[in-house]
Amino acid sequence: MAPTPAFALIATDLDGTLLRGDDTVSDRSLAALARVARAGARHLVVTGRPAPRVRPLLADLGCVGLAVCGQGAQVYDAGSDRLLWSVRLDRELAETALGKIEAEVGQVYAAVDQDGVDGLTLIEPGYRMPHPTLPAVRVGRRDDLWCAPISKVLLRHATLSDDELAAVARAAVGSLATVTMSGPGTVELQPCGVTKATGLALAAERLGIVADEALAFGDMPNDIPMFDWAGRGVAMANAHPELKAVADEITLSNEDDGIAVVLERLFPTD
C-alpha cells in the first residue's frame, strides 16, 4: 500500500516562488510537482495575477483544474475556462481610496485589472509595469481606468518604497479596500476582506480538503494570510522579511528550486 501523502494540497504562489525570474518553471520543479500528483495530492496555483494573465502558465504546468487568481478575488477553472467565483472592487470606492492616498503622499500612478476571464490590464500615463512580459493597455487618463468592472488597482509612487507606500495606503484607505504588497513595484488595492486565504479556502472546500492538509509556498507579504490559513507555510530564501517571520520553514530561493527541495523530501520517489 502506498504511503499517505504528507499533504493533500500544495498551494504555490507564482512570481518569486514557483516561477524563476524569466517566468519559467524549472524541470526539477516540474518533476517535483509530478511526484505530488502521483502521490494523489493536488497542486493549486495561488497568485496575485488575474486569470487572463495566468492561462499560459497553467497550460505550461498542465493544470486543468482550479487556480486562485487576483489575490484571492477569483477562483478560476482552467478546464472550462471560467470563473467559478469572483469579487469586484467597487470603482467609486477605488477612486476615493486613490484620492485619500494621494492626499497623503502626492501623485501615485495607477493600473487596474479588469474582472472576467478576458479582462484587460489598463495602465494610466506614468505607470510602469513591474513585469514587462505581462500585456497591458495604456489609457489616456485615469478616468479611462474605470470603463469596465475591475478586480483590483495597482499602485506605484515615484520616490516611496513599496513598504512605505503600502503602509501609507493602509492607513489612508481604512476599510475601503484591502492593501497588499505582492512583489517589487506591486502595491495593490483589492476588495475589502479579500485575500489569498479567502480564495484558497473556497477552492480547497470545492476539492474537499481542509486547511491542516495544505502546504503553502510564498515570498511576499500578500502570502501571509495564506500561511495563516494553511497547515504549514514555507517561505522562499528570497522572501520578504515579513513573510519569513511567520513561516514554519524557509527553503532555497525560487532560482534554486526551493519548492522542489521541500517536495522531494515530503514526497519520496515511487
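In the predicted model, helix 4 crosses helix 5 with right-handed geometry, a crossing being right-handed if the near helix is turned clockwise from the far one by less than a right angle, and left-handed if anticlockwise. Residues are numbered from 1 along each chain as its sequence is written, and side-chain values use heavy atoms, without hydrogens and water. The model being a predicted one, local features need pLDDT of at least 70 and side-chain atom pairs count only at pLDDT 80 or more, whereas totals for chains, interfaces and linings use all residues.

Helices (H or I, at least four residues) and strands (E, at least two) are DSSP runs, numbered from the N terminus. The axes of helix 4 (residues 91-105) and helix 5 (residues 162-173) come within 9 Å and cross at roughly 120°, where axes are lines fitted to C-alpha atoms, for helices over the stretch in contact, and angles run from 0 to 180 degrees between N-to-C directions. The contact (heavy atoms within 4.5 Å) involves A97, K100, I101, E104 and V105 of helix 4 together with L165, V168, A169, A172 and V173 of helix 5.

An open sheet of 6 strands, with mixed pairing, has the order 8-7-6-9-11-10, two strands being paired if DSSP finds at least two bridges between them. Strand 6 (residues 109-114) and strand 7 (residues 121-123) run antiparallel and are joined by 3 bridges, with T121 in strand 7 as the bridge partner of D113. Helix 4 packs on this sheet, touching strand 6, strand 9 (150-156) and strand 11 (186-190), and its direction makes about 15° with that of strand 9.
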